[in-house]
Every structure is written in C-alpha cells, then in structure tokens.
Amino acid sequence: MEGVDYLADERKKAQFDVDEMKIVWAGSRHAFEVSDRISKLVANDPGFSKEERTMLPRKELFKNTLRKAAYAWKLIIDLHLSEEEAEKLRCFIDEPAFIDAHWVLTSCLTLIFAYAKLLLWAQRNNRKGGCPWPTRCKFGCYAQTELGHGSNVRGLETTATFDPQTDEFVIHSPTLTSSKWWPGGLGKVSTHAVVYARLITDGKDHGINAFIIQLRSLEDHKPLPGITIGDIGTKFGNGAYNTVDNGVLRFDHVRIPRDQMLMSVSQVTKVGKYVQFDVPRQLLYVPMVDVRQTIVADASTALSRAVCIATRYSAVRRQFGSQNGGQEIQVIDYKTQQSRLFPLLASAYAFRFVGEWLKRLYTDVTQRLQAKDFSTVPEVHACTAGLKSLTTTATADGIEECRKLCGGHGYLCSSGLPELFAIYVPACTYEGDNIVLLLQVARYLMKTVSQLGSRKKPVGTIAYMGKLEHLMQCRFDVEQAKDWLKPSVILEAFEARAARMSVACAQNISKFDNPEEGFAELAADLVEAALAHCQLIVVSKFIEKLQQDIPGKGVKQQLEVLCGIYALFLLHKHQGDFLGTGYITSKQASVANEQLRALYSQLRPNAISLVDAFNYTDHFLGSILGRYDGNVYPKLYEAAWKDPLNESDVPDGFHEYIRPLLKQQLLQTARL
Ligand SMILES: CCCCC/C=C\C/C=C\C/C=C\CC/C=C/C(=O)SCCNC(=O)CCNC(=O)[C@H](O)C(C)(C)COP(=O)(O)OP(=O)(O)OC[C@H]1O[C@@H](n2cnc3c(N)ncnc32)[C@H](O)[C@@H]1OP(=O)(O)O
Ligand SMILES: Cc1cc2nc3c(=O)[nH]c(=O)nc-3n(C[C@H](O)[C@H](O)[C@H](O)COP(=O)(O)OP(=O)(O)OC[C@H]3O[C@@H](n4cnc5c(N)ncnc54)[C@H](O)[C@@H]3O)c2cc1C
C-alpha cells in the first residue's frame with residue numbers, strides 16, 4: 001500500500017537522536033544541508049532517472065550519460081551552484097561518466113585537475129610564462145596506463161623525444177603494448193589528455209614525465225593527425241561502468257610544443273638541456289595520492305548504500321518461526337544475519353571517519369608542499385595507498401555480502417546491488433592495484449623498523465613504533481568481556497599486533513643476503529603486516545572521533561557501540577594474528593567474541609535508524625529492497641512487468657525456435 005511506512009515500528013525503537021546522527025555522518029550541519037538539498041533536487045528531477053539503466057544497450061546507455069552530463073552542466077550554470085554543490089550533484093546523479101573528469105578540469109573539482117594541479121603548482125614555481133593547461137571548453141582525461149603496463153609506472157613505453165630544431169616533443173607509441181589503455185573519458189569524449197611518457201633528450205632516457213596533449217579537433221571532434229583513439233569495449237555488469245568511455249590511444253610521431261611538458265620535477269630547456277629540480281622525484285606521483293584520498297572518502301558512501309539496502313530489507317523479510325499463525329521472524333533477528341551485517345554497518349561509519357581524517361592529513365601535506373616541505377610525503381603516500389586498499393577491498397566484499405544477505409531478491413537488478421557492485425569493484429584495481437599498494441605500505445613499514453635505532457623518531461601514524469620495546473613484551477591482562485570496551489585496551493591490542501607482525505617480517509627479511517630477495521619472498525606476510533597497520537589506523541581514528549564533543553541524545557553511545565563492533569569484529573576475524581603474536585590468550589579471544597555478541601544485541605533496535613542517518617533518497621539508493629517505506633513486495637511485483645521481456649506474452653523468436661521444437665516433441669510423443 002502506498003503511503004504506509006512498513007518500517008515505522010523499527011524507527012520507533014531508536015535510542016538516539018537520528019537528526020543529530022545525520023549531521024555527524026555528513027561531517028557538519030552545513031554539509032548535511034547541502035547534501036540534503038542537492039540529493040532531493042536530483043531525486044525529484046525526471047532528467048536524472050536511473051530506472052532503465054541496466055536494460056539499455058551500450059550505445060544508448062552512453063548517449064543517455066552524455067545527455068545527463070549536459071543537463072547537469074546546464075543546471076550548475078542556471079542555478080549558480082557552488083563547487084561544493086556541484087560536487088554533490090555529481091555524487092547524487094550516481095552515474096560514472098566522462099563528466100567526472102570534465103568537472104575536475106573546468107571547476108577545480110574533477111579527476112584531471114586533481115592530477116594536474118600539483119604538477120602545475122610545481123611548474124608555476126619553476127618556470128615563468130603562462131600555464132598551458134586548457135581551462136575552458138575542453139574535456140580532459142588522465143592517460144598513464146598502457147596495454148602492457150599499469151602497476152609498473154616506470155615500465156611505461158610511450159616516448160616523448162625532444163627535437164631542439166623545432167622546440168617540440170615528438171610523442172610516439174613504439175609498440176602495441178605501449179598503447180594507452182583504460183583512461184576514462186578518453187574513448188569518445190576527451191579533447192585533451194595528461195599523458196605519461198618517457199622523456200628522451202639527446203638520445204638519453206630520463207624516465208617518466210607528464211605532458212598535456214590535444215587529442216581531438218575542437219571543430220569536428222575527429223582525432224588529430226597521427227592520433228588513433230577508440231573505446232576499449234564493454235565492461236563487467238549491466239549498465240554499471242559502461243557509462244564511461246575507457247579508451248585506447250596511440251601516437252604516431254605527434255609533435256607538441258615544449259611548454260606542454262608538466263615540468264614539476266625537471267625541465268627541458270630550449271637547447272634541449274635536461275635540468276632536474278631540487279625536489280623529490282616522487283612529486284610526479286603525488287597527484288595519485290590526491291585521487292586515492294578521494295576514493296577512501298567515497299568508500300563509506302558505497303558501503304553505506306549497500307548496508308542501508310540490506311538492513312532495511314532484513315527488517316522487512318521474514319522467514320520461519322511463525323507460531324499460532326502469527327508472523328514469521330524478521331531475518332535481521334537471526335544472530336548469523338547480525339554477525340554478517342552489523343560489522344559492515346560499523347565499517348561504513350569507520351570509513352567515514354577515517355576518510356575525514358585522511359582529507360585533513362592530505363590538506364596539511366599540500367600546504368607543506370607549497371612551503372617546499374616534502375617531509376610528510378612518504379607518510380601520506382603510505383596512508384592513502386594503504387587506506388585506499390583496505391577500504392575498497394572491504395567495500396567491494398561488503399557490497400557482495402549485502403547481496404547475499406538479501407537472498408534471491410538481492411540478485412535482481414532492481415535490488416540495486418548488482419549494479420552497485422559492478423560499478424564499485426574496479427576501485428580495487430584503478431588508482432593502484434590493492435596488493436601493489438599494500439606492498440608500498442609494507443616498504444614504508446620495513447624502512448621505519450630499520451630506522452628505529454637511529455635518531456629519526458617515528459611520528460604520525462607510525463608513532464606507535466616508538467614504543468616498540470613495550471609493544472613487543474606487553475600482554476593483555478584482563479579477563480572480563482567488558483574490558484574489551486576500553487579504548488586504551490583495544491588500541492594497545494591493535495598496536496601490539498601491527499608492531500609484532502612488522503618486526504617479524506623485518507627479522508625474516510634480514511635472514512636473506514639480499515633484502516630485495518627477502519622482500520619478494522615474504523611478500524604475502526608483508527601484505528598482512530601492512531593490512532594490520534592500516535586496520536590500526538582506522539580503529540585509532542574511530543577512537544579519536546569518539547573523544548570529540550558529540551552532541552545529541554544517545555549519538556555518542558551508538559558510535560561507541562559501532563566502534564566496539566568494528567574493532568572486535570576485526571579481532572575475531574584476524575584472531576590468528578592476535579594469538580600468534582602472543583598478545584592475547586585464546587580465552588581472552590573468546591571473551592572478546594562474547595562482548596561482540598553483546599554489542600550486536602545493543603545495536604539491533606537502532607539498526608534501521610542508523611542507516612536512516614545516511615539520509616539517502618530512494619533515488620540515490622536505486623533499490624526496491626532498500627525503499628525507505630519498506631514496501632518491497634508490491635514494488636518488486638510491479639517492476640517485473642516493466643522488463644522488456646514482458647512487453648508481449650509471446651516472446652520474439654517463438655515462431656523460429658520454440659514452436660518447431662514443440663512441434664517436434666508433439667510428433668515424437670505421437671510416434672510413441
Ligand atoms: C573521475 C573521478 C572524479 C574525481 C575523483 C573523485 C572520486 C574518485 C572516485 C573514483 C575514481 C574514478 C575513476 C578512477 C580513475 C582511475 C584512474 C587510474 O587508475 S590512473 C592510473 C593509476 N595507476 C597507478 O596507480 C599505478 C600504480 N603504481 C604506482 O603507483 C607506482 O608505480 C608504484 C607501484 C607505487 C611504485 O613503483 P616503483 O617502480 O617501485 O616506484 P619508483 O621506484 O618509481 O618509486 C618508488 C619511490 O616512490 C615512492 N612513491 C611511490 N608512489 C608514490 C606516491 N604516489 N606518492 C609519493 N611517493 C610515492 C615510493 O614510496 C618509493 O619511495 P622510496 O624510494 O622508498 O623513498
Ligand atoms: C575502471 C578502470 C578505470 C581506469 N581508469 C584509468 C585512467 O583513467 N587512467 C589510467 O591511466 N589508468 C586507468 N585505469 C588503469 C588502472 O590504473 C590499472 O589497471 C591499475 O593500476 C592496475 O594495473 P594493471 O592493470 O597493470 O594490473 P597488473 O599490475 O597487471 O595486475 C595483475 C595482477 O598482478 C599483481 N601484481 C602486479 N604487480 C605486482 C607486484 N609487484 N607484486 C605482486 N603482485 C603484483 C596484481 O596484484 C594483480 O593481481 C583504470 C582501470 C580500471 C579498471
């Protein structure tokens with residue numbers, strides 16, 4: 001029935017102020033108000049409908065995305081939206097698009113600008129003259145990855161050879177494997193690209209540098225001479241990431257002016273002299289740090305959407321246990337359902353807070369860079385790489401778990417979960433494969449351990465290594481379940497585990513004559529040590545959040561429950577680490593699990609309100625199972641009839657393929 005709130009009873013159970021929790025989730029009252037206003041604007045505008053997205057063929061799907069992008073752009077101008085509002089618009093339209101890159105480019109919001117801004121900042125500081133970056137009437141993309149190389153950036157093959165006769169670079173793709181492959185927005189839309197290529201002057205290879213290159217005519221949109229471009233083909237899932245034109249690009253001796261090299265770490269002079277600036281070469285990679293921190297911030301949005309759908313549906317869905325003709329049990333009341341769902345709910349909140357913290361850390365680093373202080377770059381690289389890996393893996397796995405938590409109906413596109421998964425899962429790969437990134441964290445950890453004896457004190461997220469002597473010896477010495485709720489106890493457990501795993505790896509590596517050989521041999525252990533370090537960061541940032549003044553009846557208490565669930569769930573899942581490193585006994589691990597179960601029971605009455613606090617519209621959720629009013633069955637039934645297959649009772653192909661078979665069967669039966 002329309003207008004009835006099937007989840008009203010659930011909402012009455014809440015023991016906290018939901019409106020105040022909405023503000024905690026959004027980050028501030030202002031952020032909440034902007035999100036609330038823009039999400040409703042999108043939800044109420046039929047121009048942003050997503051209903052048929054999973055049923056459209058690729059060409060129509062892509063054209064529809066172009067239409068939405070143009071319409072969104074018009075709204076931004078007509079309504080004079082601020083950058084913050086435009087960014088929210090991008091988020092709530094909920095359709096990956098070339099426009100993402102376009103927005104960065106033209107309004108300082110989008111990907112390409114994220115990449116280019118640090119490079120340009122350095123360039124402005126190192127050379128005179130105007131900036132070559134196109135800021136108006138152009139679309140950009142980021143062309144780093146090649147068919148043959150993605151993770152190994154140093155292995156890229158595209159060349160940029162300087163010709164002092166003409167003061168130009170000659171850009172060339174020498175092999176098939178050097179074709180640029182994957183850049184979003186490249187295939188059909190971008191007019192320009194930031195292209196990573198090997199810089200060659202006077203026959204000498206200076207390694208990878210970045211160049212801005214025009215790809216298509218601004219008149220007829222055709223590729224410029226010497227340039228071959230196309231889309232790389234359909235990707236995983238219906239709708240999903242197929243709204244984006246990930247592309248292939250080849251250069252055949254294309255000439256560009258010298259000032260289109262982004263001279264952040266080095267410069268080529270008019271006479272072809274290569275000059276290396278007095279800045280770390282890693283500055284070239286810092287733009288990746290920028291996008292990785294955004295991906296961390298976005299993880300909580302994707303996970304919370306899936307959790308919102310699975311939680312609401314788990315309260316609507318009933319199975320077994322009917323007594324005397326009464327209702328069956330809500331599946332959310334099964335302890336197994338709670339032990340799979342509630343840690344994901346807790347993770348969504350945990351990722352929200354660690355994302356906020358990472359943004360602050362990144363802002364601090366960019367300010368330092370402007371003052372030519374490069375000291376914190378390694379830490380922010382390790383944090384963004386590690387947290388990008390942790391949050392995207394957990395989110396992709398979490399979305400899939402939410403699909404399973406919704407049983408069969410979760411497999412329908414109308415649940416919203418298959419498409420959400422298909423859109424989200426490449427986050428485990430783009431902006432750095434998650435294992436490759438954890439290995440970067442491991443390198444940072446091994447370096448830290450090796451420097452412990454020196455005068456260089458570990459600071460920031462690695463400060464806990466400064467008390468290594470204590471962490472290597474301490475033992476957990478409390479026995480009661482409620483002791484596991486003390487933040488200091490949880491923190492020490494995670495610190496001791498992370499420190500001990502890192503030290504064990506360092507000791508094992510030292511047994512090899514060649515440390516690189518040791519690192520390669522122990523890579524799997526190193527990845528686990530890196531993960532333990534990253535989990536410690538997430539737990540510690542959640543605990544830090546709880547130390548803030550959090551207004552609203554019962555809000556802080558709910559967050560304490562969520563924090564406890566996040567930490568104790570991890571402890572339960574990685575029990576082997578905690579036991580193996582000798583910090584806790586098996587009895588203490590079992591007591592921790594007892595506490596975890598108690599926390600699930602505390603969370604249960606608040607579950608629906610905790611997902612309401614995300615303040616998602618039904619449009620954004622895009623899920624019949626996750627509807628705010630819980631009116632699931634009539635809407636599922638209704639949606640089925642909208643499938644193109646149901647347009648006629650007799651399907652296309654009946655006369656060619658089914659009827660002859662039926663006839664044959666009839667004949668055979670007659671013969672018998
Ligand atoms: C469209 C989005 C809109 C805007 C954004 C909004 C939201 C985001 C949401 C979604 C995103 C949407 C789409 C995604 C689009 C995807 C884009 C891409 O995927 S672009 C391609 C990204 N490619 C990679 O990430 C490649 C991964 N590989 C690497 O990063 C490096 O090569 C690697 C593996 C880290 C290093 O290899 P190695 O050969 O060992 O390195 P070097 O020897 O050259 O250097 C090692 C030293 O450099 C330090 N380092 C490495 N990386 C960084 C860094 N990023 N920052 C700072 N420092 C770095 C490293 O620690 C070593 O230092 P030491 O020598 O040990 O001191
Ligand atoms: C949807 C999507 C959008 C993208 N957008 C862009 C874009 O806009 N611009 C752009 O330039 N690129 C883009 N990419 C490319 C992306 O950045 C790369 O795919 C990514 O960096 C991974 O590199 P790869 O494909 O070479 O993987 P590989 O490195 O080939 O990975 C294959 C396997 O090898 C393993 N592996 C690799 N190296 C190591 C190692 N050293 N140690 C242990 N294991 C290893 C990996 O863990 C993985 O299991 C995009 C990719 C996708 C999927």
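Student: How is the packing of two helices described in general?

Tutor: The description of two packed helices rests on the angle between their axes and the distance between those axes. In this predicted model, the axes of helix H12 (residues 434–450) and helix H14 (residues 487–509) come within 10 Å and cross at roughly 80 degrees. H12 is therefore roughly perpendicular to H14, since angles of 65 to 115 degrees count as such.

Student: Which residues of H12 and H14 make the contact?

Tutor: H12 contributes Leu 445, Met 446, Val 449 and Ser 450, while H14 contributes Ser 502, Val 503, Cys 505, Ala 506 and Ile 509. By class, the contact of H12 with H14 divides into 7 nonpolar, 2 polar and no charged residues.

Student: How should I read the angle of about 155 degrees at which helix H9 and helix H10 pack?

Tutor: Helix H9 (residues 335–370) and helix H10 (residues 377–405) have axes 10 Å apart and pack at about 155 degrees. H9 is therefore roughly antiparallel to H10, because an angle over 145 degrees falls in that class. The crossing of H9 and H10 is left-handed. Residues of H9 in the contact include Leu 344, Phe 351, Leu 358 and Val 365, and those of H10 include Val 380, Leu 387, Ala 394 and Leu 405. The contact of H9 with H10 comprises 15 nonpolar, 5 polar and 2 charged residues.

Student: At what angle do helix H8 and helix H11 cross?

Tutor: The axes of helix H8 (residues 286–316) and helix H11 (residues 417–424) cross at roughly 165 degrees and come within 11 Å. H8 and H11 are therefore roughly antiparallel to each other, and H8 passes H11 in a left-handed crossing. Ala 302, Arg 305, Ala 306 and Ile 309 of H8 meet Leu 417, Leu 420 and Tyr 424 of H11 in this contact. Its residues divide into 6 nonpolar, no polar and 1 charged.

Student: What does the UniProt record say about residues 285–446?

Tutor: An unreviewed UniProt entry annotates residues 285–446 as "domain: Acyl-CoA oxidase C-alpha1". In the model, this span is 72% helix and 2% strand, and its end C-alpha atoms lie 21 Å apart. The unreviewed entry also places "domain: Acyl-CoA oxidase C-terminal" at residues 487–663. Residues 487–663 are 71% helix and 0% strand, with end C-alpha atoms 73 Å apart.

Student: Turning to strands, where do the side chains of a regular strand point?

Tutor: Side chains in a regular strand alternate between the two faces of the sheet. Here, strand E2 (residues 159–163) and strand E3 (residues 168–172) run antiparallel and are joined by 5 bridges. Phe 162 stands opposite Phe 169 in E3. E2 and E3 form a hairpin with 4 residues between them, and Asp 167 in the turn has a positive phi of about 60 degrees. E3 is also joined to strand E9 (residues 254–257) by 4 bridges, again antiparallel, with Ile 171 opposite Val 254 in E9.

Student: In what order do the 3 strands of the open sheet lie?

Tutor: The order is E4-E8-E7, with antiparallel pairing. Strand E4 (180–181) and strand E7 (227–231) are the edge strands, each pairing on one side only. E4 pairs with strand E8 (residues 247–251) over 2 bridges in the antiparallel sense, and Val 248 in E8 is the bridge partner of Trp 181.

How values were computed
Residues numbered from 1 in each chain as written. Chains lettered and ligands numbered in written order. Predicted model: local features only at pLDDT ≥ 70, side-chain atom pairs only at ≥ 80, totals over all residues. Pairing = 2+ DSSP bridges. UniProt positions renumbered as here; feature names shortened; annotations may be inferred. Axes fitted to C-alpha atoms, helices over the stretch in contact; angles between N-to-C directions. Parallel < 35°, antiparallel > 145°, perpendicular 65-115°, else oblique. Left-handed = near helix turned anticlockwise from the far one by under 90°. Contact = placed C-beta atoms within 7 Å. Nonpolar A, V, L, I, M, F, W, Y, C, P; charged D, E, K, R; others polar.
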